[in-house]
Amino acid sequence: MTEELSIALQNKLSEANIEGKIFNLVPLTGGASKEIWKFEVQDTDEVKQYILRKGSGIEGPLAIKTSDEALLQQEVKKINAPVPEIVAVSSLDEELGDSYIMKFVEGESIPRKVLRDNEYKDALPLLAFQCGESIAKIHEVEVNNLHYLQEKTPMDQLNELYSTYESFNQPSPMFEYTYLWLKDQDFGDIKASLVHGDFRLGNIIVSNSGLESIIDWELAHIGNPLQDLGWICGNSWRFGQNEKVVGGFGDLEDLLKGYNSISKFKVNENLVRTWQVFGTFRWGVICLIQAAAHLNGSVNSIEKAAIGRRVSETEIDIADLLFLGGK
Amino acid sequence: MIFDKPNSVDLLEAISHFLNTKIKSEVPAHLAFKIRIIENVLNIVIREIEKGDKLSNEVMTQLQSLIETDEPTIEALALLIKDEKIDLNDQDLKKLLVTLSKNKIAVDNPNYSTFKKLIE
């Protein structure tokens, strides 16, 4: 299998005028939905490192095509937001499948390593501000060029999440309650922008000086920008560091300082809290979607099976936020 | 039960121990990561066998006094909330939702930060 992949990579790279022998092709620990491979190419006198990100050709209901992720990253690169440089894009009907190749970015993406390794301890205090800045930059991308992304209002999204949940026939009193609660909230009347949709540790590359690159754009869409700020505050993305509201490493105040230093509109904390509940519900439904792919037999995956038992993490988080004064 | 020892929990623990001590260090990183997931899954099953009945019964007792039917179910509660046939500000409802959430996570992931915070 590795050999076939290596040949497909070689062919694709030569279209991009990158010649040389491919070696050290290894799978990396990625998300539950995509294959990630790292490899090296021996150029004339230099070794260059690349990443292949490859989808199965079957997207979940909220995800975009992998090749569209590449187009989007190229668009984001134009406004100098930190994203890896794309070197080649492949569509589903090509040999390499729905995928793209990008330059490898030095750093760490595994959340627990970023939070615990000594190497990143000086970066962590800077990270909330830097994330705020980067999220604000993403929100300034010109949306007219992004025809492959769907535009969704908060209510569109909420109803989509709810009907997805309903379709799995696993009634959850907590989710029913959350849906009614969210329907009653003010999400902020803000102009729609590009939304990354999954901005958090795991999807950013961190070095000892902080945020290096934003990856994993599969949940991108056009919508209310505050979603990205609420999402990274969800307890699901604090990786055990409960008291650090932003991503397990920072404070909301710093995230908003970074955001407001670039954004034209200024964000207040209450709106972020509402979006935090929304984001937690959204993650719960994404867990249901992933588990359903295993349960309905379309894939047999231990990760996807296991994630079905993470829905309860989002239920306890929402119960904490709505009833017990959680932050 | 008519079955001999080792019981189901003993057997699952033996698998978990084997994967952890003999296999994890022998496989490449991306498979070691999957073995961690498998261990988590085994532990969920073990906890469900050991504590599942008690945790479910506790919720059902609370549920019975809240919705006053002979056979209360989680589905029935979900439907009452959906149709707003129960007062969403009812303190007993909120209390029940907290118990339900806590008891589920107690099996699924008792190391989860919110659960640990709430039981302190």
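Author: Start at Ile205(A), which stands opposite Ser213(A) in S8(A). This is a predicted model, in which local features need pLDDT of at least 70 and side-chain atom pairs count only at pLDDT 80 or more, while totals for chains, interfaces and linings use all residues. Residues are numbered from 1 along each chain as its sequence is written, and chains are lettered from A and ligands numbered from 1 in the order in which they are written.

Strand S7 (residues 204-207) of chain A pairs with S8(A) in the antiparallel sense over four bridges. Pairing requires that DSSP finds at least two bridges between two strands. The element names are DSSP runs numbered from the N terminus: helices are H or I with at least four residues, and strands are E with at least two. Strand S8 (residues 210-214) of chain A is mostly covered, with four of its five residues buried. Buried means that 20 or more other C-beta atoms lie within 10 Å of a residue's own; exposed means 12 or fewer, partly exposed lies in between, and the C-beta atoms are placed from the backbone.

Asp216(A) lies in the loop between S8 and strand S9 (221-223) of chain A. Although Asp216(A) is not a glycine, its phi is positive, at about 55°. Asp216(A) counts as buried because 22 other C-beta atoms lie within 10 Å. Gly202(A) sits in the loop between strand S6 (193-195) and S7 of chain A. With 18 other C-beta atoms within 10 Å, Gly202(A) is partly exposed. Apart from its neighbours within four places in sequence, Gly202(A) is in contact with Ser109(A) and Pro111(A). Contact here means that two C-beta atoms, placed from the backbone, lie within 7 Å. From Gly202(A) to Tyr50(A) the separation is 152 residues in sequence and 18 Å in space, C-alpha to C-alpha.

Now the domains. Chain A is divided into domain 1 (2-103) and domain 2 (111-323), with bounds from an automatic or database domain assignment. Taken over C-alpha atoms, the centres of domain 1 and domain 2 of chain A are 25 Å apart. Their contact takes 19 residues from domain 1 of chain A and 27 residues from domain 2 of chain A. The side of domain 1 that touches domain 2 of chain A has 13 nonpolar, three polar and three charged residues. In this classing Ala, Val, Leu, Ile, Met, Phe, Trp, Tyr, Cys and Pro are nonpolar, Asp, Glu, Lys and Arg are charged, and the others, Gly among them, are polar.

Another sheet of chain A is open, with five strands in the order S1-S2-S3-S5-S4 and antiparallel pairing. S1 and strand S4 (86-90) of chain A are its edge strands, each pairing on one side only. Neighbouring strands of this sheet are turned by 20° against each other on average, direction ignored. S4(A) runs antiparallel to strand S5 (residues 99-103) of chain A, and four bridges join them. Ile86(A) stands opposite Met102(A) in S5(A). Helix H2 (residues 66-77) of chain A lies across strand S3 (47-54), S4 and S5 of chain A, at about 150° to S4(A). Axes are lines fitted to C-alpha atoms, for helices over the stretch in contact, and angles run from 0 to 180 degrees between N-to-C directions.

Asn24(A) is in strand S1 of chain A. Asn24(A) is not a glycine but has a positive phi of about 50°. Asn24(A) counts as exposed because 10 C-beta neighbours lie inside 10 Å.

The contact between the chains takes 28 residues from chain A and 33 residues from chain B. On the chain A side, the elements giving two or more residues are strand S1 (21-28), helix H6 (173-183), helix H10 (302-307) and helix H11 (311-323) of chain A. H11(A) gives the most, with eight residues. By class, this side of chain A has 13 nonpolar, seven polar and eight charged residues.

Buried residues make up 50% of the 327 residues in chain A.
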